[in-house]
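Work through the exercises below with the sequence and the structure open beside you. Try each task before reading its solution.

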Amino acid sequence: MSTSTVRRRFHEGGLYARRQAICVPLTSRHRRERLRWAHQHVHWTPDQWRAVLFTDESGFSLQSDSRCYLIWREPGTRYHPPNISERDAYGGGSVCVWSGISLGGRTGLHVFPRGTVNTHAYRDDILDAYVRPYAVAIDDDFLVQEHNARPHSPRIVDDYLQKEKIQSMEWPARSPDLNLIDNVWDALGRCIAALNPPPQILATLATALQEQWL
């Protein structure tokens with residue numbers, strides 16, 4: 001039996017080749033907190049969301065992750081358990097970057113020179129250099145969304161935010177998929193993957209990320 005015949009039979013049965021959905025492993029507690037957060041914000045207005053700066057770090061590798069593995073599934077079953085592959089969000093990055101987006105604009109793209117971010121770098125290079133000026137440009141309703149990663153949690157960061165009167169948005173644990181900037185990282189990764197020739201060294205990759213961000 002030929003490949004085309006098998007494909008045709010699958011199509012006749014309502015099955016189509018699609019990429020697996022990717023999500024982080026969640027416990028029942030994680031799911032409850034995510035649902036509670038969604039209920040709290042479902043009726044927010046565009047003006048309320050406009051005051052939120054969604055932020056995140058992301059890793060980009062010289063070796064592209066095309067995620068080209070396909071599965072056969074029925075329409076409307078993307079997030080059914082058999083069609084999901086669990087994967088943590090921050091594995092395998094070679095160049096670590098940070099940025100923030102909101103309904104009204106975005107910050108610049110920051111590349112961490114050492115490839116990682118610690119508490120002091122996050123406070124000085126991110127909060128003070130990007131978030132504080134952005135907060136001033138918004139208004140007293142400004143909220144910075146963070147994803148509960150270790151560099152964001154220590155007292156030194158909390159003290160800085162309190163001193164600058166910057167409010168953090170409550171955020172459920174293990175919820176990178178709720179962050180709008182994840183879609184931006186995906187688009188940026190696609191832009192890098194489409195470069196010809198592709199970056200061959202980390203310095204070139206960092207430059208290409210900043211150029212594509214503009």
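The structure is a predicted model.

**Exercise 1. Describe the surroundings of S99.**

Solution. 
Step 1. Locate the residue. S99 belongs to strand 6, which covers residues 95-102.
Step 2. Check its accessibility. The relative accessible area of S99 is 0%, so S99 is buried.
Step 3. List its contacts, leaving out residues up to four places away in sequence. S99 touches F54, T55, D56, T107, G108, L109, I181, W185 and W213.
Step 4. Look for a polar contact. The side chains of S99 and T107 are joined by one of 3.1 Å.

**Exercise 2. Compare the length of helix 2 with the expected span, then find which of its residues are buried and which are exposed.**

Solution. 
Step 1. Helix 2 runs over residues 28-41 and has 14 residues. From its first C-alpha to its last it reaches 20 Å, close to the 20 Å expected at 1.5 Å a residue.
Step 2. H30, R34, W37 and H41 are buried in helix 2. These four lie on the same side of helix 2, because they cover an arc of only 65° around the axis.
Step 3. R29, R32 and H39 are exposed on the other side of helix 2.
Step 4. Find the packing partners. The buried residues of helix 2 pack against helix 3 (46-50) and strand 10 (167-169).

**Exercise 3. State what the UniProt record gives for residues 2-43, and describe this span in the model.**

Solution. 
Step 1. The UniProt record, an unreviewed entry, places the feature "domain: Transposase Tc1-like" at residues 2-43.
Step 2. In the model, the end C-alpha atoms of residues 2-43 are 52 Å apart.
Step 3. The secondary structure of this span is 57% helix and 17% strand.

Methods:
Residues numbered from 1 in each chain as written. Predicted model: local features only at pLDDT ≥ 70, side-chain atom pairs only at ≥ 80, totals over all residues. Heavy atoms only, no water. Helix = DSSP H or I, 4+ residues; strand = E, 2+ residues; numbered from the N terminus. Buried < 20%, exposed > 50% of the residue type's maximum accessible area, 1.4 Å probe, protein only. Polar contact = N/O pair within 3.5 Å; in protein donor to acceptor, adjacent residues only side chain to side chain. Contact = heavy atoms within 4.5 Å. UniProt positions renumbered as here; feature names shortened; annotations may be inferred. Expected span 1.5 Å × (residues − 1). Arc of directions from axis to C-beta.
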